[in-house]
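User: I have a structure open and would like to go through it in short questions. Please keep the answers brisk.

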Amino acid sequence: MDAEIKTELSSVPKVKWEGLLRTMLMARKTEERLIRLYHQAKIYGGVYTGVGQEGIGASATSASGPEDLFAPLIRNITVHIGRGETVRDIFRQWLSRANGPTRGRDGNVHYGNLKNGVYAMISHLGAMLPVVVGGVMAKRRRGLDAVGFGFIGDGGTSTGDFHEAINFSAVFNVPVVFIVENNHYAYSTPTKHQYKCKHLVDKAPGYGIEGHFMDGNNPVELFLFLHKLTADMRKNPRTVLVECDTLRMRGHGEHDDSSYVPRELLAEYGARDPIKVTRERLTSEGILTVDEIAAIEQACLAEVDIAYQQALKDPPPDPATMANGVYADA
Ligand SMILES: Cc1ncc(C[n+]2csc(CCOP(=O)(O)OP(=O)(O)O)c2C)c(N)n1
């Protein structure tokens, strides 16, 4: 590792590194519990996780500022956690509780929290990208220092909405980072059937913007990069495409055994698990000790345990309120 990066690492406050690790660990522990709940038939609908991809959302939220806006997708639980959502509310959402973010209504992944600058996603891939571009424009017109983070998968880049959003954003120099999480498969469709270019980031010059290809499983480097990039985008507003290479370590959802993903590929990326990579790097650099990391992990596990026990006890929505919020009040 070169001296320049070493200086950068130690120039970041320790609390930031703790936050990056905590977001990933909290996400992993929460999703491990959600997977179990799914197999116990306690979840209504599917369970879609970001296991193996935690470094991307965690790096982006760690690099973000208070006015920033996020459009996460199904694999970005780290965005919710990194922007301040409680795991108690996340479990309430997945268990369809009346006191959860969507009050036990709508799909379990369709939640957000505007107080945290996180839009609730809808399922149509690409559809949230123009929303985050418009949200950032609106905030900046009010003089607020907002940068946007729009998440999309390799498959989602084939949608018309992706093209329209990135082109519009580029033309108007809206400071939005389009983060492509390239996890090699769109459900069972491999990337060779998705696009013809070598890397998706090769599309950036066609939009007249800069593009960066990053290792999505190296959160330390990704955080440092996004931190620097977004600081610069605040001064010099522009749209940037960042492709993060990663792999989905579970099925598309828990109903899917992902037998179409070669086991060697899973082993290769499993050996570069983002949490493992971060742990090793932060300890070898002397930023955090093994004991400090163990304490963070224990605290996450305890919080997840309390949160899910609480959510299990919380009430489901009252059927009498079924039509509430569907029609405008007279
Ligand atoms: C516009 C649109 N087309 C199809 C779907 C159905 N669909 C849901 S997830 C998915 C695969 C998405 O793959 P990718 O964008 O690579 O994201 P990943 O699931 O790998 O994170 C598809 C085709 C959808 N939700 N929206």
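Analyst: One definition comes before the rest: helices (H or I, at least four residues) and strands (E, at least two) are DSSP runs, numbered from the N terminus. This is a predicted model, where local features need pLDDT of at least 70, side-chain atom pairs count only at pLDDT 80 or more, and totals for chains, interfaces and linings use all residues. Residues are numbered from 1 along each chain as its sequence is written, and side-chain values use heavy atoms, with hydrogens and water left out.

User: Is I74 buried or partly exposed?
Analyst: Buried means under 20% relative accessible area, exposed over 50%, and partly exposed in between (1.4 Å probe, protein chains only). The relative accessible area of I74 is 22%, so I74 is partly exposed.

User: How many Å apart in space are I74 and V277?
Analyst: Along the sequence, 203 residues separate I74 and V277. From C-alpha to C-alpha, the distance is 23 Å.

User: Is N76 buried or exposed?
Analyst: N76 lies in the loop between β1 (69-71) and α4 (77-82). Its relative accessibility is 3%, so N76 counts as buried.

User: What is the C-alpha separation of V51 and N76?
Analyst: V51 lies in the loop between α2 (14-39) and α3 (54-62). V51 is buried, because its relative accessible area is 13%. Along the chain, V51 and N76 are 25 residues apart. Their C-alpha atoms are separated by 9.6 Å.

User: What is the phi of A41 near?
Analyst: A41 also has its place in the loop between α2 and α3. A41 counts as exposed, because its relative accessibility is 66%. Most residues other than glycine have a negative phi. A41 is not a glycine, yet its phi is positive, near 60°.

User: Which positive phi does Y187 have?
Analyst: Y187 is found in the loop between β4 (185-186) and β5 (189-190). At 35% relative accessibility, Y187 counts as partly exposed. Y187 is not a glycine, and its positive phi is about 50°.

User: What is the relative accessible area of L241?
Analyst: The place of L241 is in strand β7. The C-alpha atoms of L241 and I166 are separated by 8.5 Å, and the two residues are 75 residues apart along the chain. L241 is buried, because its relative accessible area is 2%.

User: Which residue has its backbone nitrogen 2.9 Å from a polar side-chain atom of D256?
Analyst: D256 sits in the loop between β7 (240-245) and α10 (263-270). D256 is buried, with a relative accessible area of 12%. A polar contact is a pair of N or O atoms within 3.5 Å; within protein, one must be able to donate a hydrogen and the other to accept it, and residues adjacent in sequence count only if both atoms are side-chain atoms. The backbone nitrogen 2.9 Å from the side chain of D256 belongs to S258.

User: How many charged residues are in the shell around the ligand?
Analyst: Ala, Val, Leu, Ile, Met, Phe, Trp, Tyr, Cys and Pro count as nonpolar, Asp, Glu, Lys and Arg as charged, and the others, Gly among them, as polar. The shell has four nonpolar and seven polar residues. The charged residues number two.
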